[in-house]
Every structure is written in structure tokens, then in C-alpha cells.
Amino acid sequence: NKLTVNGNIVCSSVTETSDFRIKKDIQNANYDEIYNKFKDLNLMEYGYIDEYCESLGISNQTRVNGLLAQELKEVYPDIVDIVDKKIIYINDEEVLTFDNFHTVNNTKLQKKLIGVIKILQNDNEDNKNEIDDLKNEIETLEADNVALNTRIETLETALDTLINKLYDENILTD
């Protein structure tokens, strides 16, 4: 029941069975674990070998971003599928054969990304709340600073008045 396409698939939507009535043992995913594992992944930029480009009908200058399935398998083995034998054809002629060919299940990968996004959303909300708290604290400190400066000015004026009075009464001299 597998469909293999060498090339792009164009469709208006892809649906997946997801009705809760067919599921059991439902619980929240461990977002922290998913997020921490994602930190170990490296998004790479690469091109494809000439034969593969020709089989897909794409330029051998094409550059793409993605993950290396063998590295992804080290972090998320459940996202990587291994095909016993992958044959690359050009014009119905077999040009390359790979044993144990690794592929990435992008649907599973996208679901993991939801967990990463949830962590980032929570971190963002926490950061916003902390920023708001710090802004409030700054406003309080600024108000306290204005009040302290006013008190200092009052004390300086009183001290100047006292010193002048002491000079006037010859209690202090130069």
C-alpha cells in the first residue's frame, strides 16, 4: 500500500485519520523532551547527486534545506523509515541502487514540531510576563528615585540654610 513518487506531488490537501474515538490511552506529549531532542538536530543545506536530480527532473544546481535521515535516526528513530532497496531510474533504466535507504516521515516530524512550538510559546509568554514585571519594577524604582532626589534637594537646601546661619552667627568661620 505504499506509493513511491520520484518527483513532486501536488495536491490541495492531505488528510490523516485523527478522530479521538479511535484512540486510546490519550495523554499530553512530553514537550520538554521533544524540545530538548530537537536541539540536537542540525538543519543542513545540500544538493543532490546528478543521477538523482536527473531522475527527478530537477537541476543539479538545486539547493535545499533539510535533515540527514541517518542523523535524525539517532535522535528520533521513529521518524526515519528504512527501505530495504531504493532504485533510482532514469528513463526506465536502473542507474543506482541503495540498500537500507533512509527516508524521513515528514508527517511525524511535523507533529514533533508542534511540541517544539508549544515550548517556545510558553517561553515567549513567560518572557512577556517577566518583561512586564520588570517594566513595573522600573516604573516603581523611577518613582522612588524622583522622591529620593526631591528629599535630597530638600536636605541640601536645609543644610545650606543651616550653614549660612552658622556663618551669620559666627559659629562657623573660614
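The side chains of Lys85 and Asp99 come together in a salt bridge, with N and O 3.4 Å apart; the term covers a side-chain nitrogen of Lys or Arg within 4 Å of a carboxyl oxygen of Asp or Glu. This pair links distant parts of the chain, as Lys85 sits in strand S3 (residues 80–90) and Asp99, 14 residues away, in strand S4 (residues 93–104). Helices (H or I, at least four residues) and strands (E, at least two) are DSSP runs numbered from the N terminus. Lys85 is partly exposed at 49% relative accessible area, whereas Asp99 is exposed at 54%. Here buried means under 20% relative accessible area, exposed over 50%, and partly exposed in between (1.4 Å probe, protein chains only).

The model is predicted, with local features needing pLDDT of at least 70 and side-chain atom pairs counting only at pLDDT 80 or more, while totals for chains, interfaces and linings use all residues. Residues are numbered from 1 along each chain as its sequence is written, and side-chain values use heavy atoms, leaving out hydrogens and water.

In total, the count comes to six salt bridges. Among them is the pair of Asp19 and Arg21, whose closest N and O atoms lie 2.7 Å apart. Asp19 is partly exposed, at 31% relative accessible area, while Arg21 is exposed, at 66%. Another joins Lys37 to Glu33, with 3.6 Å between the closest N and O atoms. About one helical turn separates Lys37 and Glu33, because they are four residues apart in helix H1. Lys37 is partly exposed, at 29% relative accessibility, and Glu33 is also partly exposed, at 43%.

Helix H1 (residues 31–38) also packs with helix H4 (residues 106–168), at an angle of about 105 degrees and with the axes 8 Å apart. H1 is therefore roughly perpendicular to H4, a label given to angles of 65 to 115 degrees, with under 35 counting as roughly parallel, over 145 as roughly antiparallel and the rest as oblique. The axes are lines fitted to C-alpha atoms, for helices over the stretch in contact, and angles run from 0 to 180 degrees between N-to-C directions. Residues of H1 in the contact (heavy atoms within 4.5 Å) include Tyr31, Ile34 and Phe38, and those of H4 include Leu109, Val116 and Ile119.

Finally, the structure holds zero disulfides, a disulfide being a pair of cysteine sulfur atoms within 2.5 Å. Cys11 is partly exposed, at 45% relative accessible area, whereas Cys53 is buried, at 1%.
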